[in-house]
Amino acid sequence: RIVFDGRSFQTGVIEKARHVLAVPILMNESPRGRVEVAYTENKPELDEGPFLQEERRLIDTVARELAVIIERKQAEEDRAQLEKQLRHADRLATIGQLSAGVAHELNEPLAGILGFAQLANKHPQLPAQVGKDLAKIEAAALHAREVVRKLMLFARQTPPSKCQVNLNVLIEEGLYFLESRCAKAGIELERAYGQKLPDIIADPAQIHQILINLLVNAIQAMEAGGRLRIETCCQGEGVQLLVSDSGCGMSETVQKQIFVPFFTTKDIGEGNGLGLAVVHGIVIAHGGRISVQSELGKGTQFAVHLPLIPNAEESESDG
């Protein structure tokens, strides 16, 4: 019988065997299974019960060879999966660059629409209904310009630049993109902002990235709708951001790996396994920390703690 990761492959009914010789299958020095041979009838005592030393050496060799075969197969599968994820990550990077270019291209016609709408609205003999229509055009253009501005901020290619920012303000700007998506998905969005929250020294674009990644993960975990709560508060010498959802939750095994680059539970095309790894890197670069609490079927909460002022070494390196 060969047992590996809880799956069993065997000949005969080994459970009824009278004598069993077993050897573990070791992967990276950790047991992942075992190889067993057995006699179903009584046999005379030899070197190791009824087994010979040659039989022991043989089963040891079989276990080692199995481990090598399995490791090789897993390495091939991991490489193929990594290549797919890298291609996906490259597409995302290209989309980011294209977004920045498209945003710049949209700015000029938007400025023209807004300018001419405002100019036309100042005509002295303008009918009332036309004035209302022009006001709608102006409001739509302003809305589009705000979307473009935030898109340029998120897709920018400039080096990180830390400054004094307010976490509550950054969160509201980040929610600009996702409020309508939450409404369409049947997700109730709750805000609980800490009053008189002190400013922190941080990179606004990177804080936006933290928030958007956490919110998108939460939305994807609530396919049938649910509740998404965003909370801020003071904590020690810093501020804390809590993002809680009532989604599907995660097992302990998944929680231990979520910040590992390219680890994902999603299908190719739905996620590249980089989002939470990037979030973790940004938080650490800001001198903060991030933790997760989750339970299958009950939801997940991410807690991000950011210091008011990053340590000196980080501040100097950013400069």
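Over how many bridges do strand β1 and β2 pair, and in which sense? The legends below start with an overview of this predicted model and then come to that pair in the second view.

**View 1. The whole chain holds seven helices and eleven strands.** Welcome to the predicted model. Of the 319 residues in the protein, 34% are buried. Among contacts with a separation of 6 or more, 67% come from residues 24 or more positions apart.

**View 2. A four-stranded open sheet runs in the order β2-β1-β4-β3.** The pairing in this sheet is antiparallel. Its edges are β2 (7–9) and β3 (19–27), each of which pairs on one side only. On average, neighbouring strands here are turned by 20° against each other, direction ignored. Here is the reply to the opening question: strand β1 (residues 2–4) and β2 pair in the antiparallel sense over three bridges. If you want a residue to look for, take F4, whose bridge partner in β2 is R7. As a reminder, strands of a sheet pair through backbone hydrogen bonds, either parallel or antiparallel.

**View 3. Y39 and F51 form the one aromatic pair counted in the model.** The ring centres of Y39 and F51 are 5.1 Å apart and the planes meet at 20°; planes under 30 degrees apart count as stacked, so this pair is stacked. Y39 belongs to strand β4 (residues 30–39), whereas F51 sits in the loop between β4 and α1 (53–120), and the two are twelve residues apart. F51, at 4%, is buried, because buried means under 20% relative accessible area.

**View 4. A second open sheet has five strands in the order β6-β8-β9-β11-β10.** The pairing in this sheet is mixed. The edge strands are β6 (187–192) and β10 (289–295), and each pairs on one side only. Neighbouring strands of this sheet are turned by 10° against each other on average, direction ignored. S291 is a handy place to look, as its bridge partner in β11 is A303. Helix α3 lies across β6, β8 (226–235) and β9 (238–245), and runs at about 170° to β6.

**View 5. N166 occupies the loop between β5 (163–165) and α3 (167–184).** Which backbone atoms lie at 3.0 Å and 3.2 Å from polar atoms of the N166 side chain? The backbone nitrogen of N168 lies 3.0 Å from such an atom, and the backbone oxygen of L197 lies 3.2 Å from one. Setting aside neighbours within four places in sequence, N166 is in contact with L197 and D199.

**View 6. Helix α4 (residues 204–220) is mostly covered.** Of its 17 residues, 13 are buried. From first C-alpha to last, α4 reaches 24 Å, close to the 24 Å expected at 1.5 Å a residue. At the start of α4, look for D203: one of its side-chain oxygens comes to within 2.9 Å of the backbone nitrogen of A205.

Key
Residues are numbered from 1 along each chain as its sequence is written. This is a predicted model: local features need pLDDT of at least 70, side-chain atom pairs count only at pLDDT 80 or more; totals for chains, interfaces and linings use all residues. Side-chain values use heavy atoms; hydrogens and water are left out. A polar contact is a pair of N or O atoms within 3.5 Å; within protein, one must be able to donate a hydrogen and the other to accept it, and residues adjacent in sequence count only if both atoms are side-chain atoms. Contact means heavy atoms within 4.5 Å. The expected span of a helix is 1.5 Å times one less than its number of residues. Buried means under 20% relative accessible area, exposed over 50%, partly exposed in between (1.4 Å probe, protein chains only). Two strands pair if DSSP finds at least two bridges between them. Axes are lines fitted to C-alpha atoms, for helices over the stretch in contact, and angles run from 0 to 180 degrees between N-to-C directions. Rings of Phe, Tyr and Trp (its six-membered ring) pair if their centres lie within 6.5 Å; planes under 30 degrees apart count as stacked, over 60 as edge-to-face and the rest as tilted.
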